[in-house]
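My notebook is open, and I have a few things to look up.

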Amino acid sequence: MRVLGIETSCDETAAAVYETGRGLLAQAVHSQVALHAPYGGVVPELASRDHIRKLLPLVRRVLEEAGLAPGEVGGVAYTAGPGLVGALLVGAAVGRALAAGLGVPALGVHHMEGHLLAPMLEPDPPAFPFVALLVSGGHTMLVGVEGVGRYRILGQTLDDAVGEAFDKTAKLLGLPYPGGPALAALAERGRPGRFRFPRPMTERPGLDFSFSGIKTHAIHVLREAGGEAADEQTRADIARAFQEAIVETLVIKCRRAIEATGHGRLVVAGGVGANRALRAALAAWGERAGVEVRYPAPALCTDNAAMIAYAGAVRLGAGEREPPAIRVRPRWPLDELVPPGGR
Ligand code: KG4
Ligand code: ZN
């Protein structure tokens, strides 16, 4: 099945075409980072308006790149949640309208299912089952993935997402939005051992996360180091200690998730999966523990429409259909999903 995928859940507008048996034919992403940067975070109303401006040109572009006329698309998949409601509605309305106009089925896809299945777009996709670590600006979870639609949430954050903790701490250190990559770069210049941050929720058993305490800890450490007056090296040392605590916490929880499930494979997805320190630490642990650790290519790790087109192709291809209503779910528990075609 040849599916047009649309992603507008947050601050990236994206379109892609995936064809079963052939793979990804084209994809394009427009990032709204510059639009939101002056505000230090995503402004939902601005996000919705920009999706309206950018989505159709992106759809035209990917169809052109794939060498397809609109009528050659066999289905449309769009992100129906979780995400910002106004932003989701843009993708849902455009996706539904296109599908209706073309006389093809449309399907609302779960954004996190998209992330979980993104590694399937790689030339050498991982076999099921695996444990997925999803680490993005909005989500932090460990999921046992037995197959498409067979997800067990093993643990998730009780407060901030890990990307959010990176972004908030970066802001505190005076770095521009989105702060994750900037903080990671600063941390590379930091010296080890000067500060030590807590490893939240690692002392007791369990797979849930909490990151708001780490952020609060950063506020105290920075204040004691002189606040605004703290020098560049001190900031770098704080960034390093912060990142080390996050990375070690994630590695501990991944190890527990692998032990709990008995799966021998870990797939990392979401924007924080681009973090080099995290990749290095997981790779080292994986080698020691005999666990295969996989990362989709960076363009598939961050928000994109290829993963939405893929999930849509699997579900639409299995005959899954929805009534032609424009419905989005800003909150949508992942474990409500069922395999394509029902249980
Ligand atoms: O998956 P993503 O692109 O978007 C969603 O949130 O869905 O993830 C973005 C998050 C942001 O919080 C960003 O700061 C973080 O991923 N991020 C990083 C790095 N690159 C992106 N965090 C730490 N280190 C990085 N290298
Ligand atoms: Zn995402």
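I began with what a pocket is: on a 1 Å grid over the protein atoms alone, it is an open set of points where a 1.4 Å probe fits, with protein on both sides within 12 Å along at least five of seven lines, and its lining residues have an atom within 4 Å of a point. I also noted that this is a predicted model, where local features need pLDDT of at least 70, side-chain atom pairs count only at pLDDT 80 or more, and totals for chains, interfaces and linings use all residues. Residues are numbered from 1 along each chain as its sequence is written, chains are lettered from A and ligands numbered from 1 in the order in which they are written, and side-chain values use heavy atoms, without hydrogens and water.

**Entry: a pocket**

I looked up the second largest pocket and found 19 lining residues, with Leu107, Gly108, Glu322, Arg327 and Trp332 nearest its centre. Strand 4 (75-81) and strand 5 (106-110) are the elements that each give two or more residues to this lining; strands here are DSSP E runs of at least two residues and helices are H or I runs of at least four, numbered from the N terminus. Strand 5 gives the most, with four residues.

**Entry: the zinc ion**

Which protein atoms are donors of the zinc ion (ligand 2)? I found His111 (NE2), His115 (NE2) and Asp303 (OD), lying 2.1 Å from it. Donors are N, O and S atoms within 2.8 Å of the metal (3.2 Å for Na, K and Ca), and water is not among the atoms, so sites may look incomplete. Along the chain, the donors follow the spacing H-x3-H-x187-D. His111 in helix 4 (residues 111-117) and Asp303 in the loop between helix 10 (298-301) and helix 11 (306-317) are 192 residues apart, so this pair links distant parts of the chain. I also noted that His111 and Asp303 are both buried, meaning under 20% relative accessible area with a 1.4 Å probe, protein chains only (over 50% is exposed, in between partly exposed).

**Entry: two residues of helix 8**

Gln243 lies in helix 8 (residues 232-261) and is buried, at 8% relative accessible area. I listed its contacts (heavy atoms within 4.5 Å): beyond neighbours within four places in sequence, Gln243 meets Phe166, Ala184, Ala187, Asn275 and Ala277.

Ala257 is also in helix 8, and is buried at 0% relative accessibility. Not counting residues up to four places away in sequence, Ala257 touches Val131, Leu142, Leu154 and Leu207.
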